[in-house]
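Please look at the sequence and the structure before reading on.

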Amino acid sequence: MITAGVGPYDRLYEAAPEHVLWESEPGRDVASVAPGYSARDAVDLGCGDGANSLFLESLGFRVTGVDCSRLALSGLENRFRGCGLAPQGEYLLADVLQLVKPVPTSLLVSSGLYHCLPNEARLSKHRAMQSAVSKNGLVIFCSLVDLVSDPPDHGTPPFDLPCIREVEELFEGWEIVGSRLRVIVDRHPPAGNKHLHSLVWVVARNPSGWSSTPSSLLQTPEVKEALAGGLWRVEPSGSVAQELRAGLSTAGQDDYSF
Ligand SMILES: C[S@@+](CC[C@H](N)C(=O)[O-])C[C@H]1O[C@@H](n2cnc3c(N)ncnc32)[C@H](O)[C@@H]1O
């Protein structure tokens, strides 16, 4: 169990200037989907130092962010301040596994959190958080997966990385709008200048949530265009794992970040 205040990336947040560790760009699916999405409320689980939250706030989203790391949330404040802004949303210092109930939302962003969570609890807890997404609402998800191991000097405790099948299970009953697997090149001390991770991204729509967000949200030209290119259609059969693994042979050739 994580004590609120401390997180697995704290050595890295501690070493980063003003505790701003991650890049200033939002995640690629957040960047491409959120601007054309007409709902304007979002939950950012494991919001870290706030690149996604800041981007979402700049689009007018009311953001609720949660992170267990005091250093990460201090980085978030510093990131906003560096842009001449103050966070308008609500940012909670909490372990997402200890949240009493999931926060209802039209857009759940879970970027880089899932692989941090302990194996035994994460599938059901994350699904519970997903269940608070409104009908036709979206989850924008990415997680490290176990096709590439973390380097031994990664600066975090060892993660029990999920396999692709586990990620598929996470979205059983969801409409997969798009998914992607890539090997990315990451850079942060102390794990050397360059190291590799395998990452899965999923954008999924809740076909049966608690209230109705019009499905036309996904029909705007911007969202359609964003989702059309480079995303692999996931069939509910589970055959996606093979498709994703096949993608690995061509991945890792270029620099590709979150
Ligand atoms: C890889 S970082 C990603 C940060 C941010 N979402 C992004 O995409 O830039 C993962 C974040 O999840 C947070 N985290 C890990 N386990 C957590 C937990 N159980 N509850 C809340 N936050 C957690 C870490 O403190 C860290 O800030």
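A residue counts as near a molecule if its C-beta atom, placed from the backbone, lies within 6 Å of that molecule. This is a predicted model, in which local features need pLDDT of at least 70 and side-chain atom pairs count only at pLDDT 80 or more, while totals for chains, interfaces and linings use all residues. Residues are numbered from 1 along each chain as its sequence is written.

**Ligand surroundings**
- The ligand is surrounded by 25 residues, and the closest are Gly-7, Gly-46, Gly-48, Ser-111 and Gly-112.
- At least two residues of this shell come from helix 3 (51–58), and at least two from strand 2 (62–67); helices (H or I, at least four residues) and strands (E, at least two) are DSSP runs, numbered from the N terminus.

**Helix 3**
- Seven of the eight residues in helix 3 are buried, which requires 20 or more other C-beta atoms within 10 Å of a residue's own, with C-beta atoms placed from the backbone.
- Among the buried residues of helix 3 are Asn-52, Phe-55 and Glu-57.
- Just after helix 3, Gly-60 has a positive phi of about 95 degrees.

- Seven strands form an open sheet in the order 3-2-1-4-5-7-6, with mixed pairing; two strands pair if DSSP finds at least two bridges between them.
- Strand 3 (90–93) and strand 6 (175–186) are the edge strands, each pairing on one side only.
- Strand 4 pairs with strand 5 (residues 133–145) in the parallel sense over six bridges.
- Ser-110 stands opposite Phe-141 in strand 5.

Definitions and conventions. A residue is buried if 20 or more other C-beta atoms lie within 10 Å of its own, exposed if 12 or fewer, and partly exposed in between; C-beta atoms are placed from the backbone.
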